[in-house]
Structure formats: structure tokens, C-alpha cells
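I opened the model today to look up a few points. My notes are below, in the order I took them.

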Amino acid sequence: MKDDDHIIVVENLVKKFGSFVANDNLNFFVRRGEIFGFLGANGAGKTTAIKILSGLSKPSSGKASVAGFDVGRQSEKVKRNIGYMSQRFSLYDDMTVKENFRFYGGIYGLSAKGIKQKTAHLLQKLDMLDYKDMLLSKIPLGWKQKLAFSVAVMHDPAVVFLDEPTGGVDPITRRQFWELIYEKASEGTTIFVTTHYMDEAEYCERVSIMSEGRIEALDTPSNLKKKYNVNTMDEVFVRIARSDA
Amino acid sequence: MWPFIKKEFFHIFRDFRSMLILFGMPVAQVLLFGFAITTDIKDVSIAILDNSKDNVSREISNKLVSSGYFILNSNLSSNNEIEAAFKRGDIKEVVVFESDFAQKLQREGVADIQLIIDASEPNTASMINAYTSGIINSYSLELMKKQGKIPISIITEPKMLYNSGLRSVFMFVPGVITILLMLVSAMMTSISITREKEVGTMEAILVSPLKPIQIILGKVAPYVLLSFINLIVILLLSAFVFDMPIRGSIALLLVESILFIVMALALGILISSVSKSQQQAMLLSMFALLLPTILLSGFIFPIENMPYALQLVSHVMPSKWFIIIVKNIMLKGVGIGYFWKETLILLAMTVFFILMSVKKFKTRLE
Amino acid sequence: MNFRTVRPGITAINMSVSVQIKNINKKFEKLEALRDITLSIPPGELFGFIGPDGAGKTTLFRLITSLLLADKGSIAVDGLDSETDYKKIRNITGYMPGRFSLYYDLTVEENINFYASIFKTSLRENYHLIKEVYEQIEPFKKRRAGDLSGGMKQKLALSCALIHKPELLILDEPTTGVDAVSRKEFWELLKKMQKTGITILVSTPYMDEASLCDRVALMQKGDLMAVDTPSSIVDGYNGDLWQISSSDMHAIVADLTGIDSRIEKVFRFGEKVHVTTHNIDNKELGVIIEGVLDGAKHKNILLEGAKPQIEDCFLALMDEKG
């Protein structure tokens, strides 16, 4: 490891499916506690890269490490040290809030006592202690997403992968959600987030933009806007993703 | 209308699972019921106690042993040996001819054969009884023909009257036809309609100028055809693999089947209008249609043996009436005059379900 | 009065239609999906409904297409009542539901042909109507819809909704889950469509798409919070918005919160924090901030005025309504 501060290190990463190159020689790192936006058009190779980084898929060549563990050879250890949340996969609707926490805590091997403390602590922070025995299906979407985030960071992972975490929620809830993210990041958890909301890309500290399997740009939002001489991340994105279309 | 039907065929032909249910299932079911779940008996060990030892008793013994159903284990010489023979456990039946068998038959026209059967397995026991009686019965008929005399010592078994080939597959084919038509028609249509709800295409079709009846017809027409093909496949299979006869009118059988298919399709539409997902539609079809069809239609369990309450329930099972009709046509070979009542009941049910399904099918989402 | 004549082969001037929504109320059991919505959309407008899930956008569209019936109020499309004349409305409406409503096991071509046929037309007859959109997916016409990318599915669904020459086009969240480039292209297509005179209603959860519409309605939990042109909505933003940054972004939110009653909201916005204020000018705010932020921790403090976005207006409106 080159730098202890680099929690994700990707070197010459290639992933091929037959003759199709989904990830073409990716090189980047993410710092501990950083909020890293991972953007790209549909089919640009984001999902493939995230699958590799979360230990679900092996790279064809090159290497990547997450929290100091090689994603190819130590995928089990990688999985223990990451959290994952997506809009599609989140909590069980037919279980109560508490039961969801207990279930996910159990998956990550937390003790019963640990789960109890964590649940109380996290719910308190969300101001949702009163709702712990409510079925998830009765809880509004925005709250669900905040709960899902809390569940994803329950085991204090080094990195949390957020796949389109705020789809469909109202702006207030979205801001509250990002407040949770900032708070978690300031505690040292790395946030790795994909989104289609380009204004949300501005919330990130650094963003990478993928197009056709390659990372075409990686910098802070303000530097990117300066570089392309535009006012919004949306325009940056369109410039980059369209240049070779 | 035609593009709608064409589209439906694309869905079916491009989905491996639908194809399997449509075409793999009938073949598998018929073969399964025909071969594996057979209730036929074969090579049953028996003993014969012939107290008469005349030409008639010997001929009957020969008939039994050469039938292929029975193997002669031993010839007993006295009543005392019977119990021991059963206790040894290697025989299932002892056939006892009374003394002076042929003479008695000649003189009095009646002679007794006693069948002693191991009834520890009641089903097998009754089957053995039926088979033995059947063989003896057919022999006595032969004898009667030869001698031109009044029949003698006929043992009748009502079940065998219409199943003289003693083949249980004959009993199952009508049931299998019923199940499959129900399955293909009701389950497949209800699933294909709910799939469109799930994917969201139903919303787009509903806002088009198509009338509900057009949407329904477009969805079900392919299944009428496919069910019909299925029916033909089953009939061909049972005719050529199991030598199952169709004694009555084939045309009549097909017409009655179409009536049943239409009824099942209407049920399918009804199910789809109350279920929100494909999964729900499938479970509903399974539990509300398929299980009752199997259990309460008289297909496997005779309705006469059911508790009175269940007998009443069986009356509202369309499949019960259809099975009666099919058995009448295929096994008895009788015409519409014998089952016009059942046909009428089925017709009434069909009309009822069609009206219900058209009424329930909504042009709106609520 | 509109005269509508559809003659195949001749591109008639498209007579577009107006939509009048009056006092619409709709409840689902206890949930009030729409509360007393009144709205008038003139012919030929590109009108956007902006709001998160649960705002009532889809319900409103289903009421207009008569897929649902309102508890109270009325909707008229081109003067036709959505409840009684729904068959006529359906003939002149192109509707693209939230989920793309494509048959994924049919090819691109088969999908279009099917939708054409249920409106008693054909791809050949109306090719010119959808040429602009369809050209982009035509190279893949033998491919199954399920194998298309999100952007292409979206274009196919649009082609299907346009094939019968509708005068009113209703698009329910056509850009949700689609990447920014495809979204951009989609909006460009809509602008071109609009030039043919068609009235377009579109809903979206993406606040930044509001600026692409002629007028928008900001919706939240069944209420219309504002109806206006995007620029007027932004101009109407009450108060001031600033962005502040320093070298310690992790601490800055906490350090700026609750320091002055005129500072209302402090919110981390990536590399900056956004601060909303009232009755306070640049200079005064600068002094306050300098005084509060510890120089040892916060270096390179930067304060600038920020231009409010639709989202900021949306948030302010949500605050107002409680």
C-alpha cells in the first residue's frame, strides 16, 4: 500500500466479458473519509467497477484493494469491511425497524448487545426511537432511505457504497440524507456514491466520470467546472460523456 | 385484433417456461399417470385350491395364470393349508373352487368360486378382486356363447363394465385432460394478463381506444388455440401409447372441450382482475382451481365416498361435470342424450364466468 | 373550436389541445394524493410537474388519461370531459407511463408495430411523425426491447407514445434512472416535438430539469406549491443565499450553526456550505463569519453570493407550507 490514507486503491484494473471491455484500465484512489462521486452514463461500466470493489466479481487483470484487502484474493475480508445500500435493495418491508437492524447486524456478526446499543444510538440520531416497532412498509420513503443508510453503516465499515441512494425523495429529505453522509464521513468512513442527479454530484468532494469503460475525468467539482469552463456539473458530464458518442 | 394475437404468440414462443408448461406438461402428465402412477396389478402371486379338478376349473385356473396378472405360486390340497400359505407371506390371493364345480354349473347353472384375498393393502386387494372377477366373468361369457345357454355365476364389478381392458390409464385420461385444460387456460392467461399489469404495459393499452372486450379476446385467443392443440396431443398420446379408445363422437368431445376451455379462460381473466402480481395469479390458480380440480372433481377420489358437505362443494366444480362428460364420450361411447344436463350446467357456468370477467375487467386502474 | 382531420400521408397542421384542471381531489383510502388542484395549460405548452415520489404527479396523469376517476373536481382535455368523453381523449393522447411500458420480449420494431396497430395505424404510415426519435434506435430494430440501454428504452417508449399522432403527450417521469446525457438528448427531442404544436405534460423528480419547461408546477404531497415559469420561480426566491468555504469543511457546518438569528439555514454543499439569510448584507455577514470561524482551524475562508436554484425555491416553499 502506497499511502495509508488511501482506503481504495485501483491499479490498471481491467474487466472483460468476452470481447466486451467493461472496465478499461482504471487507475484511481479514494482517501479515507472522502466523499467520492462515481458518475457515468448508463452502461459506462460503473456497476461492473462497483461489483469488483465490493468483492462480488473478480478483475480480469490489474488489481484493486479496499481497506487494505485485495478484492480478488481477499473478497471475504473486503465484504466485512464495507457497507452497501441501494435504492432497489434496502430493507425488508414486512419486518419492523428493529428487526431489520437486528437482521443486518446479525449478518455482520455483531453481538446481540452490540446490535441493541447501535440500534438505539442510530435511531436516536434519526429521531426515530418511537418508530422502532413499526413495520417498514408503514414508513415514508424518505425515512426508509435514512434508515437503510444507518443499517448500511451499522457495523462501522471502512467504506460505504451508495448506489443511487436518493432516487425519488424530496429535496428536504435529500439534504437530511446528505447531512447523515457528511457526518459519517467526518467520523472517517469513506463514502463511495453513484447518482444520476448531477446537482448531487456537487455534494461530493471529488468525482470521477466514466465513459465507455474508462475514467475520463477525476477531480473536485469546482476544478472540473473550471476546466470545462461551465457552470454546472451537468454540463461537465454532458461534455465528457458525449465527446466520444 | 390480429396484431394483438400475434404479439401474444411472440410472448409465448419466446418464453421457455411458458413453452415448457404448454407442451412439456401434457406429455409428461399423460406418461406419468399412464406409467408411473398406475394402479394396474401385475404378477400377483396366488394359490389355487381346486376341490373339483374338472375341465372347467382347470380352464379357469389356466385363464387366470395366463392373463399376465397372476403367477401361480402353489396348488393347495385342503382348506387347512390356506392360512399357512398367507402367513408365509408369498401369496396375495387364494382361489377356491368348490367340489363338483363343472357338474354343478352344468346342472344348476350356479357354481361358487371363493376368492380369499390379503386385504392388508385395501387398494391392491380390491384391484385383485376386480381383476380376478373380471377374468372369471369373461370366461363365463365365453362359455355361455359356446353353449348358447343362460349365463352362469356372473360376478359383476360396475367399475369394470366400462373398463373391460382393466387399464387404469383409461380412468386417468379424462382427469388429465381436465387438469391440463384448466392449467393452460386459466393459469397461463391469468399470469399473462397480470404480467402486463406488472410491467406497466397494461396502462398503455388501457389508455388506447381498444375496448375491454378486444383486449380480453386478444389475450385469450392464443390460449384457446394452444389448449386445443394440447387436447389433441393428449388424445393422440393416450390412443397410440396406451391404446385408449374414444368410443363416442370425436367431434362432440372437441366441442365439449372448447366449452370447458372457454370457461377456464373466463376464470383466468377473473383471477387476473383480482390479483396484482404474477405470483398472486399463480398461487390463486393453483389453490383455487388446480387443487379443487384434482381433489374434488372425482378425478382421484370418488365423489360418492366424500362427506356430504364436500359432495355439495363438488357440484360447483366445473371440472366435475366436464369429467363426467368426457368419461361418457370416451369410455361409454354414448351421445349427448346421456349428458345434456351436465353440458347445460357447464354452459351456464361458462356464461356466468364470462359475464363476471367482462364486468370485472376494468378500463381503469381502480 | 378545433377542427381535427387526420388524413394519412398529409401532415396537417397539428391542432394541439389545452388541459383544464379544476378543483381536483383524489384520496386513496386515508392518503390524500391530490388536494384541490386547479391548473390551466394552454395549447402547445411544454409543462413540467416537478416533485418527489408521493407528490401526486402520477395520480394526476392517470386522472387526465381517465385511468382513475377523481373524487371531486373535473378535468377537460380540448374541452372534452375526462370522465364522460374519455374514449375521445384517449384517441388524441399519447401516454408514456412511469415504467416504460414496453414488451421486453418483443423487438424494437414489434413494439412499435403493436402500439401502432392498437391505434389502427402503422409504422409505415406514420414514420414521418416519429422519424426524429426513431432514427436513433432504428439500427437496433431487430433487438429485443429488454436488451436496450436505459436511454434507448426511453426513446422507444417515446416512439410508441407518438406513433398515433397524438395532440397531447403525457410523459410520466420519462427521465428517471436515465443518465444525464440521455436525459439531455431526451429534452432536446421534446423541444423539437413541441415545435410541431403538440401539448406536452411531463413529470420529473429532477429539479434541474425544471428550467427546460415553459412553465412548471412544483408539487409536494398532493399540493401545488407554485405554478409559474422557471425564471419567475427563481426570481421569487425570498431571502439571500450565500456560499462559504474554508480549509476545514468537516467542522464548518457546526461552527456556523446558531451564531446569528438572521442566519437561517446552514447546509453543507460539497466543497462549500450554503447559508440562507435575511436582512443581512455581504459586508456584515463577512464580519460575523470572520469573528466566528477560528483562524487557526479555518484557513482561506471564502464568502460569495449564490444564485438560488429551483431546488432552493422548492425547499423554501416546503418550509413555508410547513
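**Chains.** I am working from a predicted model. I began with which chains touch. Chain A and chain B are joined by no contact. Their closest C-alpha atoms lie 16 Å apart.

**Cores.** Next I looked up the largest nonpolar core, which holds 208 residues. Within it, A:F192 and A:F237 touch the most other members. Helix α8 of chain B, residues 169–199, gives this core its largest share, 15 residues. I then listed the contacts of A:F237, leaving aside neighbours within four places in sequence. They are A:L39, A:M198, A:I209 and C:A180. I also found a second, separate core of 18 residues. Among its members are B:A47, B:F70, B:V94 and B:M127.

**Helix α3 of chain A.** This helix spans residues 97–107. Which of its residues are buried? I noted A:V97, A:N100, A:F101, A:Y104 and A:G105. They sit on the same side of α3(A), because they cover an arc of only 125 degrees around the axis. I recalled the general rule: an α-helix has 3.6 residues a turn, so residues three or four places apart point the same way. On the other side of α3(A), A:G106 and A:I107 are exposed. I checked what covers the buried residues of α3(A); the cover includes α4 (112–126) and α5 (141–152) of chain A. Last, I looked past the helix. α3(A) is followed by A:G109, which has a positive phi, near 75 degrees.

Note on methods: Residues are numbered from 1 along each chain as its sequence is written. Chains are lettered from A and ligands numbered from 1 in the order in which they are written. This is a predicted model: local features need pLDDT of at least 70, side-chain atom pairs count only at pLDDT 80 or more; totals for chains, interfaces and linings use all residues. A residue is buried if 20 or more other C-beta atoms lie within 10 Å of its own, exposed if 12 or fewer, and partly exposed in between; C-beta atoms are placed from the backbone. Helices (H or I, at least four residues) and strands (E, at least two) are DSSP runs, numbered from the N terminus. The arc is that of the directions from the helix axis to the C-beta atoms. Two residues are in contact if their C-beta atoms, placed from the backbone, lie within 7 Å. A nonpolar core is a set of buried Ala, Val, Leu, Ile, Met, Phe, Trp, Tyr and Cys residues joined through C-beta atoms within 7 Å.
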